[in-house]
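The sequence and structure are shown first.

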There are 2 protein chains.
Amino acid sequence: MNILHDDRLDGELPRIDKAAVLAELQRAVPDLTLLHREEDLRPFECDGLSAYRVLPMLVALPETLEQVATLLKRCRALGVPVVTRGAGTGLSGGALPLEQGVLLVMSRFDRILDIDPDARTARLQPGVRNLAISEAAAPYGLYYAPDPSSQIACSIGGNVAENAGGVHCLKYGLTVHNVIKVEVLTIEGERMTLGSEALDAPGFDLLALFTGSEGMLGVVTEITVKLLPKPETAKVLMASFDDVEKAGRAVGDIIAAGIIPGGLEMMDNLAIRAAEDFIRAGYPVEAEAILLCELDGVEADVDDDCETVRRVLEAAGATGIQQARDEAERAKFWAGRKNAFPAVGRMSPDYYCMDGTIPRRELPRVLKGIADLSEAYGLRVANVFHAGDGNMHPLILFDANREGELEQAEALGGKILELCVEVGGSITGEHGVGREKINQMCAQFSPDEITTFHAVKAAFDPERLLNPGKNIPTLARCAEFGAMHVHANQLPHPDLPRF
Amino acid sequence: MNILHDDRLDGELPRIDKAAVLAELQRAVPDLTLLHREEDLRPFECDGLSAYRVLPMLVALPETLEQVATLLKRCRALGVPVVTRGAGTGLSGGALPLEQGVLLVMSRFDRILDIDPDARTARLQPGVRNLAISEAAAPYGLYYAPDPSSQIACSIGGNVAENAGGVHCLKYGLTVHNVIKVEVLTIEGERMTLGSEALDAPGFDLLALFTGSEGMLGVVTEITVKLLPKPETAKVLMASFDDVEKAGRAVGDIIAAGIIPGGLEMMDNLAIRAAEDFIRAGYPVEAEAILLCELDGVEADVDDDCETVRRVLEAAGATGIQQARDEAERAKFWAGRKNAFPAVGRMSPDYYCMDGTIPRRELPRVLKGIADLSEAYGLRVANVFHAGDGNMHPLILFDANREGELEQAEALGGKILELCVEVGGSITGEHGVGREKINQMCAQFSPDEITTFHAVKAAFDPERLLNPGKNIPTLARCAEFGAMHVHANQLPHPDLPRF
């Protein structure tokens with residue numbers, strides 16, 4: 001895959017003189033590590049969405065906030081765009097560099113500044129790895145809940161930028177629900193504190209606004225997160241179904257029974273076979289779908305909930321239900337799920353991972369719709385996803401070396417996302433928009449809504465120097481892309497004004 | 001109390017010709033109920049902060065969204081400010097009218113549009129009363145968690161505008177954590193959808209930005225909230241202490257023990273006596289402080305948690321612990337707390353209610369600080385508050401008819417809020433800034449932060465016509481007020497740039 005068909009920026013940026021910028025930044029921030037030779041820049045040409053590659057003009061690796069502040073001020077004065085990057089594990093190209101921009105890599109800010117077991121908070125530099133937070137909190141019986149698949153590598157700063165999720169979001173929320181305060185630097189190099197350690201902060205909720213803003217509003221330099229007590233126990237049930245839609249309906253039934261599982265994941269036959277072939281997780285390869293339902297909390301409750309869920313699954317038509325007998329089996333069940341993406345990757349030269357979310361009740365309908373689209377486009381689609389919160393991850397299998405298949409895969413992906421929007425969902429749940437889904441934003445939002453996003457962006461960064469060309473499309477791009485705002489099929493307002 | 005000392009608007013608005021505006025609005029929206037005679041306007045001259053009174057120029061009582069949209073468009077064209085009002089129960093003067101503005105009263109939008117028991121959501125018009133949501137959800141075993149004291153009267157639209165809280169916020173979050181989608185009209189009369197029924201919405205988190213924005217960004221016309229399953233049981237413990245600071249420490253101990261109570265409230269001796277005298281709740285009138293700790297969930301857990309909390313309270317030095325024997329006694333314990341404000345009101349001609357929040361660990365220190373300030377200013381202060389989430393409600397008792405006492409009360413209140421900010425807290429937890437605390441915003445935020453708020457405001461309402469003079473002070477006001485940004489006493493950054 002390449003981005004030749006999509007390598008233009010939204011809006012025009014003046015041509016930038018790399019040598020002059022390098023000289024000026026070296027003068028202004030003499031102790032800053034600045035990479036500028038092609039061989040040094042090469043490792044930074046993409047993030048986790050490796051299909052998109054751009055060689056950055058320069059890479060900055062600051063170690064102090066003063067360096068970051070001065071760098072931002074100078075870039076602003078010079079009119080040079082800045083893309084901030086954490087660990088580079090993002091899946092939507094949010095940290096894709098710019099040929100004419102500086103890539104600001106925050107990985108050296110990797111200190112855990114404080115763990116407060118009484119307040120149950122951790123104060124962190126942005127480069128701290130997600131899993132390192134839970135490791136540092138473990139001696140106090142605490143952990144950090146959001147757990148993206150990349151948690152061993154991804155950084156908390158990137159998690160804030162993308163509002164990252166994970167298996168446990170259904171019960172414990174996304175990043176935005178687990179961050180209480182951030183320190184940021186604006187493009188003017190000014191420091192702001194958003195949120196507070198207290199219940200609430202007055203004024204507008206800029207903390208939530210920053211979370212998920214994909215580096216377009218400022219640079220996060222410190223993060224305070226909530227820690228949660230580790231559940232006493234966790235047990236997992238695996239249910240098999242002979243029909244994908246039945247499994248989809250069972251998801252809603254579990255929630256309707258008053259249970260909020262710690263994780264509620266679904267895989268279809270293609271994903272089951274791929275995972276089993278790769279990991280030997282003990283999955284039933286004949287099943288059309290499985291649900292993995294993890295229940296966590298105090299022992300007695302978890303046992304009660306397991307019984308309830310078992311009854312619901314039986315009533316929903318499960319053909320088999322297996323409870324992991326011990327921690328080893330529980331780990332194996334999850335290993336299959338957590339390695340499902342690479343497992344599917346082994347089945348096909350290329351795959352394209354979508355991240356649409358839908359209201360839970362629409363699962364059966366959308367699964368059916370995806371199957372129909374898969375047939376119509378002649379491309380296989382494996383489904384493996386966070387069913388409990390309606391966050392789907394259809395994996396479209398294709399071979400980029402076969403004439404036209406890439407375009408077919410992209411077209412099929414676009415159709416799937418439009419289907420998600422149609423039923424009242426959205427084009428991304430936890431991966432962000434980045435560069436990848438910028439065209440689909442035109443389907444998600446009306447021109448008025450997109451205009452408002454730009455106005456909010458301008459409140460922080462009027463020259464649009466922070467991560468331009470990501471997240472929010474220009475209206476010109478939407479017109480060029482030919483995208484139409486797709487209205488969700490909500491009940492019509494009886495007294496809605498017709499504009 | 002009066003607002004003669006504080007009745008100016010921030011920024012200048014041109015003089016507006018009432019008769020001309022009335023005529024033009026009557027022409028543009030002929031079927032709109034528009035009040036304009038003094039006797040009709042009088043009932044709208046204040047909200048729940050009755051000390052501040054301003055007669056609005058006009059009051060609009062629309063019944064259709066088309067009327068609201070047209071009204072907003074016309075007001076914008078005429079340069080007439082608009083203050084949106086829900087039920088008018090707010091405690092910070094957020095819906096205080098403007099002499100030169102239209103008061104847009106949303107109370108006629110009072111329909112519950114949909115309850116979806118499977119998705120556990122309710123779709124509401126903004127004028128629906130808070131308690132009516134739980135009443136409508138009750139047949140499904142569901143309820144709406146945020147429960148401001150005014151829940152019998154306040155409306156969900158006002159709750160969104162003020163990000164309202166309540167006794168259950170500690171466990172179930174503020175309004176922002178319980179709203180998933182809103183429909184809004186901009187000052188241009190354009191409709192926008194913020195948030196979604198799915199897990200997450202891409203783009204900037206404008207839903208969180210709107211929640212708590214006090215009517216400064218747009219008019220909320222429809223709200224979708226989360227509903228929660230009603231806990232199987234709830235039990236309440238009342239603990240007495242011979243020392244306020246000990247009670248404050250016990251609050252942190254309970255949370256540190258891994259318990260998140262459904263409610264964790266504290267009252268000091270003055271509040272206890274007032275409530276007991278008024279309600280006969282069965283409170284120990286000799287105690288220096290009581291804690292009310294409610295535990296909710298499934299029966300077995302709640303019993304376990306009651307035992308744990310009892311042990312923690314004993315270790316923290318409680319002089320007595322009483323568990324409500326039945327629902328009637330539980331209701332009585334809560335009735336004392338819920339009526340504490342009017343109870344204190346009976347003890348004094350006037351009282352002034354603060355709403356500062358602090359990190360929980362600072363409770364003992366801040367309680368001591370309030371006692372010292374109370375003595376220094378010679379005014380009694382009753383404390384009754386949401387201790388679990390550090391949301392304090394000091395009630396300053398005074399007599400406005402005594403020369404200088406109002407000013408003393410206001411000065412004492414300001415000092416208490418500054419103390420809250422100093423320890424890393426904020427000037428408001430759940431009441432909002434409104435008109436009341438606009439000067440204290442200058443202590444909470446730096447000039448850069450306030451400038452950013454204005455920039456965000458301008459992204460939605462460049463002419464500053466929506467609720468001007470509330471929530472966000474001008475820098476000119478801060479200079480005039482002489483307020484200094486108070487830095488929280490956080491650990492200094494080792495590598496912080498010095499600007």
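## Cysteines of chain B

B:C442 is buried, with a relative accessible area of 3%; buried here means under 20% relative accessible area, exposed over 50% and partly exposed in between, with a 1.4 Å probe and protein chains only. The model is a predicted one, in which local features need pLDDT of at least 70, side-chain atom pairs count only at pLDDT 80 or more, and totals for chains, interfaces and linings use all residues. Residues are numbered from 1 along each chain as its sequence is written, chains are lettered from A and ligands numbered from 1 in the order in which they are written, and side-chain values use heavy atoms, with hydrogens and water left out.

B:C442 is joined to B:C478 by a disulfide with an S to S distance of 2.1 Å, where a disulfide is a pair of cysteine sulfur atoms within 2.5 Å. The torsion about the S-S bond of B:C442 and B:C478 is about -80 degrees, so this disulfide is left-handed. The pair links distant parts of the chain, 36 residues apart: B:C442 belongs to helix α15 (residues 441–444) of chain B and B:C478 to helix α17 (residues 475–481) of chain B. Helices (H or I, at least four residues) and strands (E, at least two) are DSSP runs, numbered from the N terminus. B:C478 is also buried, at a relative accessible area of 8%. By contrast, B:C46 takes part in no disulfide, and the nearest cysteine sulfur, that of B:C353, is 16 Å away. B:C46 counts as buried at 14% relative accessibility.

Helix α15 of chain B also holds B:A443. This alanine, B:A443, counts as buried at 3% relative accessibility. The C-alpha atoms of B:A443 and B:I427 are separated by 8.8 Å, the two residues being 16 apart along the chain.

## Cysteines of chain A

Over all chains, a search of the whole structure finds 2 disulfides. In chain A, a disulfide joins A:C442 to A:C478, with 2.1 Å from S to S. A:C442 lies in helix α15 (residues 441–444) of chain A and A:C478 in helix α17 (residues 475–481) of chain A, so the pair ties together parts that are 36 residues apart in sequence. With a torsion of about -80 degrees about the S-S bond of A:C442 and A:C478, the disulfide is left-handed.

A:C442 counts as buried at 3% relative accessibility, and A:C478 is buried with a relative accessible area of 9%. A further cysteine, A:C75, counts as buried at 0% relative accessibility.

## Symmetry and chain contact

Chain B is superposed on chain A by a rotation of 180 degrees with 0.0 Å of shift along its axis, at an RMSD of 0.1 Å. That is the relation of a two-fold axis. The superposition is by least squares on the C-alpha atoms of residues with pLDDT of at least 70 in both copies.

The contact (heavy atoms within 4.5 Å) takes 87 residues from chain B and 87 residues from chain A. Of the interface residues of chain B, 100% are also interface residues in chain A, so the copies meet through the same surface. Between them, chain B and chain A bury about 6,900 Å², 59% of it on carbon and sulfur atoms. In chain B, the residues that lose the most area to chain A are B:L199, B:P202 and B:F204, together 12% of what that side buries. Buried area is the accessible area (1.4 Å probe) that two parts lose on being put together, summed over both.

## Domains and annotation

Chain A is divided into domain 1 (4–105), domain 2 (112–229) and domain 3 (233–422), with bounds from an automatic or database domain assignment. The C-alpha centres of domain 1 and domain 3 of chain A lie 38 Å apart.

According to an unreviewed UniProt entry, the annotation "domain: FAD-binding PCMH-type" covers residues 52–230 of chain A. UniProt positions are given in the numbering used here, feature names are shortened, and annotations may be inferred rather than shown by experiment. Over residues 52–230, chain A is 21% helix and 25% strand, and the end C-alpha atoms are 38 Å apart.

## Positive phi angles

Most residues other than glycine have a negative phi. A:R120, although not a glycine, has a positive phi of about 55 degrees. A:R120 is found in the loop between β5 (112–116) and β6 (121–124) of chain A, and counts as buried at 7% relative accessibility.

A:E214 is not a glycine either, yet has a positive phi of about 55 degrees. The loop between α7 (206–210) and β10 (219–226) of chain A is the place of A:E214, which is buried with a relative accessible area of 4%.
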